Structures are given as C-alpha cells and as structure tokens.
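Take a look at the sequence and the structure below. Then follow the report from the core to the pockets and the backbone.

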Amino acid sequence: MAANRFRLGWFGNLTAPQWRDGWSERDAENWSDGRFYIDMVRDMERAGFDFMMLEDSLMVPDTYAGTAELELKHAFYAPKLDPVPVVSMLAYATEHIGIVATASTTFYPPYLLARAFSTLDHVTRGRVGWNVVTSSEDRAAQNFGMDVLPEHDARYDIAEEFLEVTGKLWKSWDDDAVVVDRERGYYADHTKVAPIDHRGKHFAVRGPLNVSPSPQRKPVICQAGSSPRGRDFAAANADMLLCIPNGLANMKAYRDDIRIRAEKAGRDPDEIKVFFVVAPVIARTDELARAKQEEFLARRQENFEHQMAHFAATMEIDFSVFDPDLPIPDDVTTNGHQGQFAIWKEVFGGRPIREAASAMRVQSMELIGSPVTVADAMEEAMEFVGGDGFMFLSQPPSRAYTAEITEGLCPELARRGLIREGFSHRTFRENLRSF
C-alpha cells in the first residue's frame, strides 16, 4: 500500500546563505534585506511546501574554547535576524504558505508575545505559526538580566503557564465583540471584552488583549520537545512538532509516543503533525549524488568545526576540553536540549568525537540520490512511520540547494500524489489538518 500524502516544511534561520562556494556571491552580502528569503519562500509555496519555519536564538555563542571565533568564522548562528518582524515580509510576498517564527517563553512577556502574534495573524490573513521554545543557553539568559537559565524541567513549567496566559489573552475578546454598529455608534461591544486577571506562580497579567480576534484566533503552535518533559508539553499544546530521531524505528517510536501522550492529555492525536528533519543530498543521478556526499565528507575540518559550533550553541557544551580522538565521555550532561543530546550521542555510537562530527549531518535519516531514489525512500519512510511529513534543513541555505528540492525532488513527489498541489483552506491550521 502506498503512503498517504505527507507535508513538507523548511527548517532554518535568517542567517547568511552559502558564501564560500563562489555562487550567488551577492546574497552573502545582501541577504539581511530579506529578499533572499522572499525568493526562497516563493519557490517553496509553488513547489508544495506547507510552511517555512524560522529557528532563532538570542546570543552570539562563545562556548567552544571560550571564544566566538568558530561561530563568527562560519556565520552559523550569528549574525542572524529576528524572525518575528520578518514574518510580515515573507507573508506579504506569498499567498498561502504558513510562516512559523520562533520566540522564547523564558524571555518574552506573555502579553507582548500574544499581542505580536495576534497582530501577525491578522496581517498574514491567518498564516502565522509560533515555534515555542524555552531557550537552552545561559549566554542568552545573560542578555535578559539572568546569570543562568532556570533548570530544564522548570523552564517547561514556566512555558506551561505562559501558554495558559497567552491562551486566555487570545480568548479575551468574544468572537462577535467587533460589531461595527453605525446606528448605535459602537465599533466593539464592551460587554464582550474582559480582563483575564491571571495571577500564577510565574506571571501576573490583567488583560484583556488590545488586539481584536485574528483569523486563527491563536497561531499554529510548533514545538520540538524530545525529552520526556518536553514530549508531554508538546503533546498537550502543539499543532506540529519537529524532531530528529535516529533512523526509521526511532522515528516511528517518537511519533507513536507523541500520539499516546496526546490521547492521555485529552487530545485527538490526528490534530498533531510530526515532522522529521532531513537534509537530502540530491543530484540528477545516484552516482552524482554519491559524489556530492563524498565531497562533503572530504571537508572534514570544516564539518568538524560546524558541529562543534552547533553543539556549543544548542547544548552549551564545550567540546574543546575533550580529546577529539576519544568518544563523548559518559558523564557529560546538559541543561540545554537534553533529549536531542541523547539522540546525538546515539548517532555518534561510541565513535571518536572528531570522526563522528566530521561525517555528521543533522537529520533523522540519510537521503542520498536522484529525485526518484530520494522520493522512494521518503515514501517508504512515511508508509512505515505512519506520517506526517518532513522538514528540510539546510545550514547555510543556498539558491542551488533550494532548487534541487523545489525543482528536482518536489515535482517527483507531486507526480506520485504525495504532497499538496494547492491550498484548499484559508488558514495555516486548516491547511495543516486538511489531510
């Protein structure tokens, strides 16, 4: 039996695109005006993507060897743009695709975030999503008056109350509060707009919101919980999840687990769509794709530095203190992304740090080949796992790689009837749940 249709998303951030390969050199200098990403999101909408998801962080990482050298050398996480204001720009350039922006419950005040995303939902005509993160870096905390982040599970406790507050704010106007009654002279009915008077452990917010109800009422909620606490939070609150489990068996186990947790939380598990992060290597033929993979593997030092910067930014683990020719020590822990760190240790598989990191791509499963070969593997994966879709990761992004996906792979997926060929609903959430 063939797989059912699945969804596609792009997972990245607003950082400098590919700048070392000699192609699209102007993008490397001019990307910060946003037009590079406008071209990208238009290509994705035309190709059948459901959304573009914009990751974010709030610091210049300097964990590795106590310096920001690697981070700024490779422009991996800095410089970067704040995705929240850029949502409007990307949405204005498109018609249907969802735009998901990351914002942290540890640093945003709930009222400010609720107002910003309600505004974005209005101006995007119901196409905004919020990637809910609790943040994972003490360096970010130090930009907001803290010395260190709260403990991992405590951050989720804060996030639970944060979503409770924002949910109340988005409901503080009745659906029919805006009456525009010209005869009586009332634009909005004051009896249908009420304070929320929230007083909890972490937040005190009077309300009501001063933005009228938006097309979706609240943004599509995205989450990436992989620890047990994070999975409970995601299953109770998210419309969609991104995850990076290692291999098909773990992909299926993750999705099944989220669906079980969602049912326990009183939700319909079909309302939650699970997206697996992949980074396909695509060329016209399998042989050319394998050659591209060999070229990637030959860049050992660059790849090693990328992964060290990545681990430092997301885990705040300084791998420079470890012998790179030995495996990750068993006693290494993190207050950052705990579930993902466990998965990456599994991916390393006891290999020496340098060897494993130099050959590593951040992905759930390896996809290398022609569009036909990669489409075969994606279709088989979705049939085995049960759904719901893939997120393509490209760091740094490039026009060439985007074209390989949108002009090479997506037409093959569309020929098989595996991805959307249009948008039948008005809002992001409705389209996300349409199959």
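Which residues of the largest nonpolar core touch the most other members? They are Leu8, Phe49, Phe117, Trp130, Met378 and Phe390, in a core of 80 residues. A nonpolar core is a set of buried Ala, Val, Leu, Ile, Met, Phe, Trp, Tyr and Cys residues joined through side-chain atoms within 4.5 Å. Buried means under 20% relative accessible area, exposed means over 50%, and partly exposed lies in between (1.4 Å probe, protein chains only). Helix H7 gives the most to this core, with eight residues. Another core lies apart from it and has 35 residues, among them Cys222, Phe341, Ala356 and Met391.

A word on the source. This is a predicted model, in which local features need pLDDT of at least 70, side-chain atom pairs count only at pLDDT 80 or more, and totals for chains, interfaces and linings use all residues. Residues are numbered from 1 along each chain as its sequence is written, and side-chain values use heavy atoms, with hydrogens and water left out. Helices (H or I, at least four residues) and strands (E, at least two) are DSSP runs, numbered from the N terminus.

**Rings**

Rings of Phe, Tyr and Trp (its six-membered ring) pair if their centres lie within 6.5 Å; planes under 30 degrees apart count as stacked, over 60 as edge-to-face and the rest as tilted. The count comes to 16 aromatic pairs. Why is the pair of tryptophan 10 and tyrosine 37 tilted? Their ring planes stand at 55°, with the centres 6.5 Å apart, so the pair is tilted. Tryptophan 10 lies in strand S1 and tyrosine 37 in helix H2, so the pair ties together parts that are 27 residues apart in sequence. Tryptophan 10 is buried at 4% relative accessible area, and tyrosine 37 is buried at 1%.

Phenylalanine 51 and phenylalanine 428 form another tilted pair, 6.2 Å centre to centre with 40° between the planes. Phenylalanine 51 is in strand S2 and phenylalanine 428 in helix H16, so this pair ties together parts that are 377 residues apart in sequence. Both phenylalanine 51 and phenylalanine 428 are buried. Ring pairs also link Phe117, Trp130, Phe162, Trp170 and Phe203 into a cluster.

Charges meet rings too. A charge sits over a ring if NZ of Lys or CZ of Arg is within 6 Å of the ring centre and within 35 degrees of the ring normal. Arginine 7 places its charged end over the ring of phenylalanine 435, 4.3 Å from the centre.

**Pockets and cavities**

Rolling a probe the size of a water molecule over the atoms shows where empty space is left. On a 1 Å grid over the protein atoms alone, a cavity is a set of points where a 1.4 Å probe fits but cannot get out, and a pocket is an open set with protein on both sides within 12 Å along at least five of seven lines; lining residues have an atom within 4 Å of a point. Grid points are joined across faces, edges and corners, and a volume is the space filled by probe spheres set on the points.

| Space | Volume |
|---|---|
| Largest pocket | About 1100 Å³ |
| Second largest pocket | About 820 Å³ |
| Largest cavity | About 100 Å³ |

The largest pocket is lined by 33 residues, and Gln18, Phe296, Arg299, Arg361 and Pro396 lie nearest its centre. The second largest pocket is lined by 48 residues, with Glu55, Asp56, Asn131, Val133 and His337 nearest its centre. How many cavities of 30 Å³ or more does a search of the whole structure find? It finds four. Gln18, Trp19, His306 and Pro396 are among the residues that line the largest cavity.

**Backbone**

Most residues other than glycine have a negative phi, and most peptide bonds are trans. The bond from alanine 78 to proline 79 is cis, with omega near 0°. The bond from glutamine 395 to proline 396 is also cis, with omega near -5°. Valine 180 has a positive phi, near 45°, and is partly exposed at 33% relative accessible area. Aspartate 197 has a positive phi near 45° and counts as exposed at 55%.
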